[in-house]
Amino acid sequence: MAVDPSLAGRTFPATEPYEVSREKILEFARATGSVYDGEAAPATFPIVVAFSAMTALMEDPDVGISLHRVVHGEQRFTYTRPVVAGDRLSATLTVDSLRQIGGADIIGTRSELTDADGTHVCTAFATLVHRGEDA
Amino acid sequence: MTTTFEAGQALPTQTFRVTRADLVRYAGASGDFNPIHWSDRVAGSVGLPGVIAHGMFTMALAARALDSWAGGTGRVRELGCKFTKPVVVPDDDEGVTVTVDGTVKAVTDEGVQVALEVSCGGEKVLGQPKAVLRG
């Protein structure tokens with residue numbers, strides 16, 4: 001089943017706020033061997049929040065994505081400021097682009113991560129490659 | 001400690017050993033429990049040569065190298081890459097070694113542009129990895 005062609009341009013509801021704790025940052029830093037001095041979280045930490053927005057997209061039955069056919073093709077982050085403990089982050093995902101190449105759907109997503117007061121913290125751009133049945 | 005950068009500068013090579021235990025730890029810390037990152041059986045069933053590292057884990061190692069070069073955390077303003085080749089991690093105590101190199105491309109008011117090269121077993125595993133550090 002192909003992905004719903006009307007997906008391009010669609011924005012999904014913001015995810016429930018994610019409360020960033022020192023312990024969670026420390027766990028992520030240890031898992032990646034990164035330094036955590038109590039200030040900035042490791043640069044790729046926001047994927048934890050963006051991942052929940054991407055999961056909501058991939059699990060939406062109207063979208064038509066089969067999870068086991070999805071490969072992470074590309075990832076990019078831009079930061080207004082580093083993530084720190086105490087942040088309450090929500091991710092709002094928009095499908096920026098959708099194209100078909102060789103039987104695969106190439107889904108360009110942009111997740112805007114904002115703090116509790118709505119200020120921008122980070123944008124996570126992810127390209128998801130959804131392989132077709134025969135690919 | 002803050003590092004001073006200049007265009008053309010080659011940054012010291014960083015090497016990171018990656019074992020299956022690291023992947024399990026990263027799965028827990030990130031919430032990405034895709035079995036291709038811990039089960040040979042599932043990895044093989046989708047045509048992979050074996051369990052592979054999470055692309056985001058490899059990207060986290062690139063971020064770790066950036067922190068090391070910058071002399072501290074929280075200085076990454078942009079970070080992006082394509083996931084072009086899987087990092088296959090064998091089920092042994094040695095694991096594999098991921099190597100991260102970097103070259104300063106430019107130093108502007110926008111920050112320090114760094115071109116990265118991330119490889120494993122002599123082959124590049126990330127496509128066009130690049131970053132901007134706060135100047």
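Which residues of helix α1 (residues 22–32) of chain A are buried? In this predicted model, in which local features need pLDDT of at least 70, side-chain atom pairs count only at pLDDT 80 or more, and totals for chains, interfaces and linings use all residues, they are Ile25(A), Phe28(A), Ala29(A), Ala31(A) and Thr32(A). Residues are numbered from 1 along each chain as its sequence is written, while chains are lettered from A and ligands numbered from 1 in the order in which they are written. A residue counts as buried if 20 or more other C-beta atoms, placed from the backbone, lie within 10 Å of its own, as exposed if 12 or fewer do, and as partly exposed in between. Helices (H or I, at least four residues) and strands (E, at least two) are DSSP runs, numbered from the N terminus.

Seen down the axis of α1(A), the buried residues fall within an arc of 165°, taken over the directions from the helix axis to the C-beta atoms, and they therefore line one face of the helix. The cover over these residues includes α2 (47–59) of chain A, and chain B contributes to it with α1 (20–30) and α3 (55–70). After α1(A) comes Gly33(A), which has a positive phi near 70°.

The two chains touch through 25 residues of chain A and 27 residues of chain B, a contact being a pair of residues whose C-beta atoms, placed from the backbone, lie within 7 Å. On the side of chain A that touches chain B, at least two residues each are supplied by α1, α2 and β2 (70–79) of chain A, and the largest share, eight residues, comes from β2(A). By residue class, this side of chain A holds 12 nonpolar, eight polar and five charged residues, where Ala, Val, Leu, Ile, Met, Phe, Trp, Tyr, Cys and Pro count as nonpolar, Asp, Glu, Lys and Arg as charged, and the others, Gly among them, as polar.

Strand β2(A) pairs in the antiparallel sense with strand β2 (residues 76–83) of chain B over five bridges, two strands being paired if DSSP finds at least two bridges between them. Within chain A, β2(A) also pairs in the antiparallel sense with strand β5 (residues 120–131), over nine bridges. Glu74(A) stands opposite Lys82(B) in β2(B) and opposite Thr127(A) in β5(A), and the bridge partner of Arg76(A) in β2(B) is Gly80(B).

Chain B contains three helices and six strands, which follow one another along the sequence in the pattern β-α-α-α-β-β-β-β-β. The radius of gyration of chain B, taken over C-alpha atoms, is 16 Å, close to the 14 Å that the globule rule (2.2 Å times the number of residues to the power 0.38) gives for 135 residues, so chain B is as compact as a globular protein of that length. Along the principal axes, its C-alpha atoms fill a box of roughly 50 × 30 × 25 Å. Buried residues make up 40% of the 135 residues in chain B, and of its contacts with a separation of 6 or more, 62% join residues 24 or more positions apart.

In strand β6 (residues 126–133) of chain B lies Gln128(B), which has a positive phi of about 45° although it is not a glycine. Gln128(B) is partly exposed, with 13 other C-beta atoms within 10 Å.

The model scores ipTM 0.96 and pTM 0.95.
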